[in-house]
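Subject: Structure for you to look at

Hello,

Here is the structure I promised to pass on. Please open it and keep it beside you while you read.

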Amino acid sequence: MSFAVFQGILDGTLLIFLAVLLAYVRVVRGQLRRLTREKTASSGVREETGEGMGLFRESREALEKTIREMDALSREAAGRTDRLKLLLHDAQQWLEDLERLEKGPTSDPASGTPPPEQKPSASGQSSGPHRPSRSEPRTDIEKVLYLMEQGKTVPEIAQSMGRGEGEIELMLGLSRLSDSRSGPGR
C-alpha cells in the first residue's frame, strides 16, 4: 500500500472536517439571522418590556459559546492532524525497515562495514537473512512480534509499549504484508 494513499486519507479527513465546520458556521449564521428578524419584528413590544436586550444578550452568549466550541474543535483537529502525520512518518519508517529486512544483509559501502555474518545452521547451510535473536528485539515491529509470540493480546501489547492499539495492529499488518511479499514466488 502506497504512502500516497495514507496522505490522501489524511487530506480527505481534513477536507471533511473543514466541510463540517463550514456547515456548522452556516447553521449558526442562519440562527443569528432568524433571531435578528424576530428581534426586529417584535422590537417595539420587547423594548418596552426589556426583553429585547435579554434576547440580544442570549444570542450573543450563544454565539460566543459556539465560537469557543469551534476554536476547541479546530485545535483538536490540528492536534489530530499532527498525530496522523507522525503516524504516517512512523509507518514509512517501518515499511523501510521491513523492506531492508526483506532484502537481507548487504554491505554498506558508505561506512565500509561488511554485512553481519550468518551463523550456519545444524546442516551447515546459512539460515537465511540475519534476524536478531528473539531475546533482544531491536525495532518496534520486532517487539510486537515477540510479544505476540509470548501470547500477549493487542491491548496488552499497546499498553506495555505505550502505543495505541491501532498502531500495534498497523505494525502487525505491515509485518504480514512483508511476510507475504517474501513468501513463495519471490
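Below is what turned up, with the charged side chains as the topic.

Please note that this is a predicted model.

The structure holds six of them. Side chains of opposite charge can pair when their charged atoms come close.

Start in helix 3, which covers residues 51–103. There, E64 and R60 form a salt bridge, at 3.2 Å from N to O. The two sit four residues apart in this helix, so about one helical turn separates them. R60 is exposed because its relative accessibility is 51%, and the cut-off is over 50%. E64 is partly exposed, at 33% relative accessible area.

Now look at R83 and E167. Their side chains meet in a salt bridge of 2.8 Å, N to O. This pair links distant parts of the chain: R83 lies in helix 3 and E167 in helix 6 (residues 165–181), 84 residues apart. Is E167 buried or exposed? It is buried, since its relative accessibility of 8% falls under 20%. R83 is partly exposed, with 40%.

E167 has another salt bridge, with R163, at 3.0 Å from N to O. R163 is partly exposed, with a relative accessible area of 24%. Salt bridges with shared partners tie R83, D140, R163 and E167 into one network.

Last, the surface. R26, R29, R33 and R37 form a positive patch there. R37 belongs to helix 1, residues 3–41. R37 is exposed, at 57% relative accessibility.

Best wishes

How values were computed:
Residues are numbered from 1 along each chain as its sequence is written. This is a predicted model: local features need pLDDT of at least 70, side-chain atom pairs count only at pLDDT 80 or more; totals for chains, interfaces and linings use all residues. Side-chain values use heavy atoms; hydrogens and water are left out. Patches are made of residues with over 30% relative accessible area and no salt bridge: like charges are joined within 9 Å, nonpolar side chains (Val, Leu, Ile, Met, Phe, Trp, Tyr) within 5 Å. Accessible areas come from the Shrake-Rupley method with a 1.4 Å probe; for residues, only the protein chains shown count as cover. A salt bridge is a side-chain nitrogen of Lys or Arg within 4 Å of a carboxyl oxygen of Asp or Glu. Lys and Arg count as positive and Asp and Glu as negative; His and the chain ends are not counted. The place of a charge is taken as NZ of Lys, CZ of Arg, CG of Asp or CD of Glu. Buried means under 20% relative accessible area, exposed over 50%, partly exposed in between (1.4 Å probe, protein chains only).
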